[in-house]
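Here is a friendly briefing to read alongside the model. Please keep the viewer open as you go through the points.

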Amino acid sequence: MTSINTAIQLLTREDAERSAATQGSTCSPDLARGPWEFDMPATPDQGPDYGPGASMLDTAPAATPRQGALPEEYRLADDAELEARILAAKETLGNRLVILGHFYQRDEVVKHADFVGDSFQLANAALTRPDAEAIVFCGVHFMAETADILSKPEQSVILPNLAAGCSMADMADADSVADCWEQLEELFGTEPDDAGRQPVIPVTYMNSSAALKAFCGRNGGIVCTSSNAATVLQWAFERGQRVLFFPDQHLGRNTAKAMGVSLNEMPMWNPRKVLGGNSEQELVDSRVILWHGFCSVHKRFTVNQIEKARAEYPGVRVIVHPECPMPVVDAADEAGSTDYIRKAIAAAAPGGTFAVGTEINMVNRLAAEFPQHTIFCLDPVICPCSTMYRIHPGYLAWVLEGLVAGEVRNQIVVEADVAAHARVALERMLAAKP
Ligand code: SF4
């Protein structure tokens with residue numbers, strides 16, 4: 001199985017013949033470049049960006065951390081040298097270190113992980129290693145924050161590339177959500193109704209900053225994952241007349257629709273408009289107010305791709321992630337979290353054909369792990385999550401060798417007050433039962 005990184009090199013090398021295995025092209029030839037070329041803007045006035053990949057057109061907020069220069073020895077080292085250096089550092093650090101690798105991470109990095117999973121699985125996996133001094137999170141910024149919130153104070157959580165953010169998480173910043181909340185409080189007041197239900201319960205997807213998780217903790221709200229969104233929404237409906245769901249409109253819409261909430265009861269909140277661009281009556285009649293956020297990776301999937309897969313592979317089982325737009329989820333056979341997708345494929349009788357609507361690194365890894373099935377990505381164009389792609393083996397080697405030298409590089413620290421309130425919202429989620 002060709003790794004995504006190798007496939008991209010093949011596709012973008014001018015003299016390379018197109019590989020049949022990759023069935024198409026990359027979404028950006030820039031993917032063949034090292035992430036450090038994007039971490040260091042050519043001119044100081046060049047704003048932050050996410051670099052090449054599915055979310056390359058998203059604008060990173062000005063406050064997005066910049067990684068800064070990766071020392072040349074790591075930029076110039078080839079794959080074999082970086083691998084040898086990572087392995088040597090791991091060997092030296094032993095149990096003092098735990099490396100977490102997200103499902104969407106490139107193979108060259110994930111092969112070094114002690115645990116591979118989704119963001120919440122990984123934060124929980126770290127809890128099984130309380131003696132590890134350093135938790136190196138090969139994911140994106142909000143994931144490292146969650147790990148820091150849940151880990152012991154003496155443990156350091158490290159994000160190998162500080163510029164590895166998440167474009168979706170960045171679509172809901174704390175100021176915009178606070179502004180929205182103020183407008184909703186003005187409209188609905190703060191008193192519960194006769195049944196004791198609050199006017200609005202804030203619900204944030206795990207893919208959000210620690211500040212927003214803390215906002216939910218402070219305001220009677222809760223966190224959800226793509227695995228437990230329905231359970232969490234039920235929890236919120238029992239305590240509130242309506243829900244403010246951020247940042248992913250698609251997860252909110254798909255989940256609430258499956259629970260019987262009509263589309264008319266789900267207005268969208270555009271943070272750039274007064275009342276989010278809604279009339280007072282639309283908000284009064286709402287059950288779920290959806291934030292105008294989305295994942296650029298999952299937004300790429302279309303109903304056309306599903307129709308094509310069904311035409312080419314009769315009997316194909318189409319499974320998509322609930323971050324995909326509603327028409328795609330409706331046209332698929334099933335929708336579920338990365339964990340759901342993996343378990344569904346693992347449990348299927350041999351000889352199945354699966355068209356999967358989620359990030360390409362994960363789909364290729366599933367295809368390698370379950371050779372008894374035919375597994376392919378719904379989108380034939382190679383386009384990894386550009387923010388996850390920022391974690392190159394060079395950065396991993398750099399932070400690990402820093403630890404060997406006694407230096408903690410790129411530590412992610414969530415302020416104590418923020419962490420305390422975020423923990424409240426996370427604990428509510430853990431206590432919520434279907
Ligand atoms: S796949 Fe989407 S939601 Fe996940 S980290 Fe990348 S941009 Fe964020």
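β1 and β3 pair in the parallel sense over 5 bridges, where strands are DSSP E runs of at least two residues and helices are H or I runs of at least four, numbered from the N terminus; pairing needs at least two DSSP bridges between two strands. This is a predicted model: local features need pLDDT of at least 70, side-chain atom pairs count only at pLDDT 80 or more, and totals for chains, interfaces and linings use all residues. Residues are numbered from 1 along each chain as its sequence is written.

- L97 has A134 of β3 as its bridge partner.
- The open sheet runs β2-β1-β3-β4, with parallel pairing.
- β2 and β4 (156-158) are the edge strands with a single partner each, so one side of each has no neighbour in the sheet.

**Helix α6**
- In α6 (119-127), the residues S119, F120, L122, A123 and A126 are buried, meaning that 20 or more other C-beta atoms, placed from the backbone, lie within 10 Å of their own.
- They cover an arc of only 160° around the axis, which puts them on the same side of α6; the arc is taken from the directions from the helix axis to the C-beta atoms.

**The sheet of 5 strands**
- A second open sheet has the order β6-β5-β7-β9-β8, again with parallel pairing.
- β6 (222-224) and β8 (268-269) are at its edges with a single partner strand each, so one side of each lacks a neighbour in the sheet.
- β8 pairs with β9 (288-291) in the parallel sense over 2 bridges, and W269 has W291 of β9 as its bridge partner.

Definitions and conventions
Buried ≥ 20, exposed ≤ 12 C-beta atoms within 10 Å, placed from the backbone.
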